[in-house]
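Here are a few notes from my pass through this one, for you to check against the coordinates.

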Amino acid sequence: MTKVKVAMDWLAGCAGCEMSTLDMDERLIQLLDKIELTSTPITDLKHPPKDGVTVGILSGAVNNTTNVEVAKEMRERCKLLVALGDCAVFGGVMTMRNFFDMNEALKRAYVETESTVDGVIPSSEELCKPIKAVPLGEIVKVDIHLPGCPPSADAIYHVLSELLEGRIPVLTGNNLKYD
Ligand code: SF4
């Protein structure tokens, strides 16, 4: 049986959505009978394959120039794009930074945190540039929104199972929540 190709990646988030994905536990084994996981942020293969995948899954908000590149590459290479979690769906906690001046936010992160000694704000042409934090849908077209912080393992399983059946998932009841 030909497996359905699925690629995952993360943008600006906390990895909680990926932890919830792993919480599918033994159901992950069932899914992997039908899915070829081509790339993930926690494996050596980070980029979706150039010949494309059926399903792309992105968690996290978009808040720097690398996030924009990752989002656009995934969009170009997948047929259906899933926004996984509140950050990807509507910006989530990442957008709290938008209430502050960017330099103030960088100073707080790299210089002023209680555990930082002699901190400096990193500066290099090789580094990405921070931008206003926005939901994934403001950068690329999203086909399926799966909110929650994080979405439950049941909700993630429901979405993947429906997609494997060739259906666009509908979220109801406990599978649909905003945190
Ligand atoms: Fe983390 Fe919640 Fe954002 Fe997922 S939605 S990346 S769990 S903060």
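1. About 40 Å³ of space lies in the largest cavity. Keep in mind that this is a predicted model. In total, the structure has 2 cavities of 30 Å³ or more.

2. What lines that largest cavity? I57, V82, L84, L146, I156, V159 and L160 do. By class, that makes 7 nonpolar residues, with no polar and no charged ones. β5 (78–84) and α6 (153–164) each supply at least two lining residues, and α6 gives the most, with 3.

3. The second largest cavity comes in at about 30 Å³. Its lining is made up of V4, V6, I35, V55, L160, L163 and L164. Two or more of these residues come from each of β1 (4–10) and α6, with α6 again giving the most, at 3 residues.

4. On to the ligand. Around the ligand you'll find G13, C14, G16, C17, G85, D86, C87, V93, G148, C149 and P150. Sorted by class, this shell has 6 nonpolar, 4 polar and 1 charged residues.

5. Last, take a look at N67, which sits in helix α3 (residues 65–77). Buried or exposed? N67 is buried, because its relative accessible area is 6%, under the 20% cut-off. Beyond its neighbours within four places in sequence, N67 is in contact with L11, A12, A61 and V62.

Key. Residues are numbered from 1 along each chain as its sequence is written. This is a predicted model: local features need pLDDT of at least 70, side-chain atom pairs count only at pLDDT 80 or more; totals for chains, interfaces and linings use all residues. Side-chain values use heavy atoms; hydrogens and water are left out. Helices (H or I, at least four residues) and strands (E, at least two) are DSSP runs, numbered from the N terminus. Buried means under 20% relative accessible area, exposed over 50%, partly exposed in between (1.4 Å probe, protein chains only). Contact means heavy atoms within 4.5 Å. A residue is near a molecule or strand if one of its heavy atoms lies within 4 Å of it. Ala, Val, Leu, Ile, Met, Phe, Trp, Tyr, Cys and Pro count as nonpolar, Asp, Glu, Lys and Arg as charged, and the others, Gly among them, as polar. On a 1 Å grid over the protein atoms alone, a cavity is a set of points where a 1.4 Å probe fits but cannot get out, and a pocket is an open set with protein on both sides within 12 Å along at least five of seven lines; lining residues have an atom within 4 Å of a point. Grid points are joined across faces, edges and corners, and a volume is the space filled by probe spheres set on the points.
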